[in-house]
Amino acid sequence: MVASKIAIFLDRDGTIIADKNYLKDPNGVELLPGVSDAISSLKLAKCMLFLFSNQSGIGRRIISMDDVSRCNLRMMELLGHGSNIFDAICIAPESPDDISVYRKPSPRFIVEMIKKFDLSKENCYMVGDKESDILAGINAQINAILIVADGGTKTSFLPHQENKSTRVFPSLLEFSKWLLGETSSGTQK
Ligand SMILES: [Mg+2]
């Protein structure tokens, strides 16, 4: 089994749910394949889960924080683990032109949570589908996991990152299987 206090920082769009630009309508929330099983097994293994999402649509005044919150609630409803599934949520509202505070690749949220919950960096994972997710993980000096569902075209930036803790998986489910040791022990479903 997994050692205690594994913490996973999850990007939202393109990692947990389908990436629809500036999602506003909760009815448009669509879990990606296998995500439900992945989250369930991570929760069962007592992993801490954090939601860490850039939402520049707020800074651009295309959507509101309320829109994002309603979509998050719908996502949590679909995941079926209640509205306390995440130990903390960070929505970074800045547009790329704003001064970046929490917006990835800023590691600020991760660094704050590591301090708040006394986490060890080697047990922390930033999981996302964009370079900014990987860079946030690297900047926080934790493991960085890239989810690539389109055959690897988005991994071109990876060779430039000198971080042996960076790994690529085709889905959140495959990452969770790897993390929980199911793949190596041959007990995956
Ligand atoms: Mg994303």
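Predicted model: local features only at pLDDT ≥ 70, side-chain atom pairs only at ≥ 80, totals over all residues.

1. What is the lining made of? By class, the largest pocket is lined by 10 charged, 7 polar and 1 nonpolar residues. Three elements each supply at least two of the lining residues: strand 2 (48–54), helix 2 (56–59) and helix 5 (131–139).

2. Next, the metal. Which residues coordinate the magnesium ion? The donors come from Asp11 (OD), Asp13 (O) and Asp129 (OD), at 2.1 to 2.2 Å. Along the chain, these donors follow the spacing D-x1-D-x115-D. Asp11 and Asp129 link distant parts of the chain, 118 residues apart. Asp11 sits in the loop between strand 1 (7–10) and helix 1 (35–44), while Asp129 belongs to the loop between strand 4 (124–128) and helix 5.

3. Are Asp11 and Asp129 buried or exposed? Asp11 has a relative accessible area of 6%, so this residue counts as buried. Asp129 is buried too, because its relative accessible area of 5% falls under the 20% cut-off.

4. Asp11 has another partner worth a look. Its side chain meets that of Lys104 in a salt bridge, at 3.1 Å from N to O. Lys104 lies in the loop between strand 3 (88–92) and helix 4 (108–116), and Asp11 in the loop between strand 1 and helix 1, so the pair ties together parts that are 93 residues apart in sequence. Lys104 counts as buried, at 3% relative accessibility. If you widen the view, Asp11, Lys104 and Asp133 are linked in a network of salt bridges.

5. Lys104 also brings us back to Asn54. The side chain of Asn54 reaches the backbone nitrogen of Lys104 at 2.8 Å. How accessible is Asn54? Its relative accessibility is 18%, so Asn54 counts as buried.

6. How many salt bridges are there? The count comes to 10. One of them joins the side chains of Lys20 and Glu30, again at 3.1 Å from N to O. Both Lys20 and Glu30 are in the loop between strand 1 and helix 1, 10 residues apart. Lys20 is partly exposed at 31% relative accessibility, and Glu30 is partly exposed at 44%.

7. Finally, have a look at helix 4. Here the side chains of Glu112 and Arg108 meet in a salt bridge of 3.1 Å, N to O. The two are 4 residues apart in helix 4, so about one helical turn separates them. Glu112 is partly exposed, with a relative accessible area of 31%, and Arg108 is partly exposed at 40%.

Note on methods:
Residues numbered from 1 in each chain as written. Heavy atoms only, no water. Nonpolar A, V, L, I, M, F, W, Y, C, P; charged D, E, K, R; others polar. Donors = N, O, S within 2.8 Å, 3.2 Å for Na, K, Ca; no water. Buried < 20%, exposed > 50% of the residue type's maximum accessible area, 1.4 Å probe, protein only. Salt bridge = Lys/Arg side-chain N within 4 Å of Asp/Glu carboxyl O. Polar contact = N/O pair within 3.5 Å; in protein donor to acceptor, adjacent residues only side chain to side chain.
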